[in-house]
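Me: I have a new structure open and could use a quick tour. Can we go through it piece by piece?

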Amino acid sequence: SPRLYSGMQPSADSLQIGNYIGALLQWRDLQSTHDAFFSVVDLHALTQPNEAAELRDKTRRTAAQYIAAGIEPEKSTLYVQSHVRAHAELAWILNTITGFGEAGRMTQFKDKSARYGSDATSVGLFAYPVLMAADILLYQTNVVPVGDDQRQHIELTRDLAERFNSRYGTTFTIPEAMVQKETARIYDLQNPTSKMSKSSESQAGVLWLLDDPAVNRKKIMRAVTDDEGSVRFDRETKPGVSNLLTIHSALSGRSIAELEDEFAGSGYGDFKKAIAELVLSEFEPVRARALELLDDPAELDRILSLNAEKADTVADATLSDVYDRVGLLRRR
Ligand code: TYM
């Protein structure tokens, strides 16, 4: 079966609904038809300021949420990126074939470095997409399910794989991005033209998977809409309502057209109540299971360690091929 790879940063205590809808729901379904690898990318998270104990905690919490959302660690390989040393090692090799200008054109890097200023922008942040390419290429990945914000990074990954293959001989599988068109982007509830994000400043616009249900209900009831008063999908003129329709459709599995019909006569209050019910009932078992898993960190660590061994075997094979091809002398 085709090889699949994806990951998330442990950049907050909880995942947000964009990660859940844009990534985890796909991952869960795809693991039965693919040989899937899912990582918690803690090395990537080091590009943000972190307190050591907090990063460890967020890493466990992220892994627990994968499992709670239905990623099965006996079926898929669910591991922590830093447990597999090959990631950092392949990233170094790929850095040597990445253009400075090429890396500088990544829009996420441009946005972040513009916000931080050049002294607070690390070389690690600049090389972030190259580490992501290493993640994907180590596993001879065919498909990478992501939200559309990661599309450009997958393009870079393909370019680097093709460049390496043509320079050194066929080594890497060329991966494809898999982006679910309808749910590729969930927007901030308070600012529905910006992507919802774990690092968002507006707490009121982000629905956290592990948050108190009452808090999430309140955020949904206060979501920004418009003055028209009709439940209709139009991303341009009705971004708030359209975003809520997307969330409903992703969780209920019903089409936007069906939902527009159902809510044709309703006001926004009733529409939001329906969404709150849906989100809360979706989150409730996931939250409960994640908290239960976090009650037994030793068991969670054991699962992660077993899976890291599986990942190590695959990653090492690719890395040693790469070392040979670029001419590194083997240690005897
Ligand atoms: P991260 O941690 O920012 O996000 C994890 C996944 O969630 C998706 N996502 C969203 N989808 C829809 N709407 C949103 N508002 C939303 N916010 C986030 C992201 O597209 C992503 O699929 N660089 C990656 C992590 C990574 C990775 C990899 C991914 C590292 N190595 C290898 C795939 C393969 C990142 O920061 O994702």
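**Starting with a helix**

Me: What span should the 17 residues of helix H3 have, and what do the end C-alpha atoms give?
Reply: Helix H3 covers residues 52–68, and at 1.5 Å a residue it should span 24 Å. Its end C-alpha atoms are 24 Å apart, so the two agree. Keep in mind that this is a predicted model.

Me: Which residues in H3 are buried?
Reply: Among them are Leu55, Lys58, Thr59, Arg61 and Thr62. The run from Ala63 through Ala64, Gln65, Tyr66 and Ile67 to Ala68 is buried too.

Me: What comes just after H3?
Reply: Glycine 70 does, with a positive phi of about 115°.

Me: Which residue has a positive phi although it is not a glycine?
Reply: Glutamine 140, with a phi of about 50°. Glutamine 140 lies in the loop between helix H7 (123–138) and strand E4 (143–145). Its relative accessibility is 24%, so it counts as partly exposed.

Me: Let's zoom out. How many helices and strands are in the chain?
Reply: The chain has 13 helices and 5 strands. Its radius of gyration is 21 Å, close to the 20 Å that the globule rule gives for 332 residues, so the chain is as compact as a globular protein of that length.

Me: What box do the C-alpha atoms fill?
Reply: Roughly 75 × 45 × 40 Å, along the principal axes.

Me: How much of the chain is buried?
Reply: Of the 332 residues, 50% count as buried. The accessible surface is about 15400 Å², and 49% of that belongs to carbon and sulfur atoms.

Me: And the charges, how far apart are their mean positions?
Reply: There are 38 positive and 48 negative charges, and their mean positions are 3 Å apart.

Me: What share of the contacts comes from residues 24 or more positions apart?
Reply: They account for 75% of the contacts with a separation of 6 or more.

Me: Is glycine 22 buried or exposed, and what is it in contact with?
Reply: Its relative accessible area is 7%, under the 20% cut-off, so glycine 22 is buried. Leaving aside neighbours within four places in sequence, glycine 22 is in contact with Ile17, Val146, Gly147 and Thr183.

Me: Now leucine 306. Where does it sit?
Reply: Leucine 306 is in helix H13, residues 297–326. It is partly exposed, at 43% relative accessibility. Leucine 306 and tyrosine 79 are 227 residues apart in sequence but 8.4 Å apart in space, C-alpha to C-alpha.

Me: What about threonine 77, buried or exposed?
Reply: Threonine 77 is buried, with a relative accessible area of 5%. Its place is in strand E3, residues 77–80. Beyond neighbours within four places in sequence, threonine 77 is in contact with Ala36, Phe37, Phe38, Asn307, Lys310 and Ala311.

Me: Last one. How far apart in space are glycine 99 and glycine 253?
Reply: They are 43 Å apart, C-alpha to C-alpha, with 154 residues of separation in sequence. Glycine 99 is in the loop between helix H4 (86–95) and helix H5 (100–104). Glycine 99 is partly exposed, with a relative accessible area of 27%.

Definitions and conventions
Residues numbered from 1 in each chain as written. Predicted model: local features only at pLDDT ≥ 70, side-chain atom pairs only at ≥ 80, totals over all residues. Heavy atoms only, no water. Helix = DSSP H or I, 4+ residues; strand = E, 2+ residues; numbered from the N terminus. Rg over C-alpha atoms; globule rule 2.2 N^0.38 Å. Buried < 20%, exposed > 50% of the residue type's maximum accessible area, 1.4 Å probe, protein only. Contact = heavy atoms within 4.5 Å. Areas by Shrake-Rupley, 256 points an atom, 1.4 Å probe, with all protein chains shown as cover. Lys, Arg positive; Asp, Glu negative; His and termini not counted. Charge placed at Lys NZ, Arg CZ, Asp CG, Glu CD. Expected span 1.5 Å × (residues − 1).
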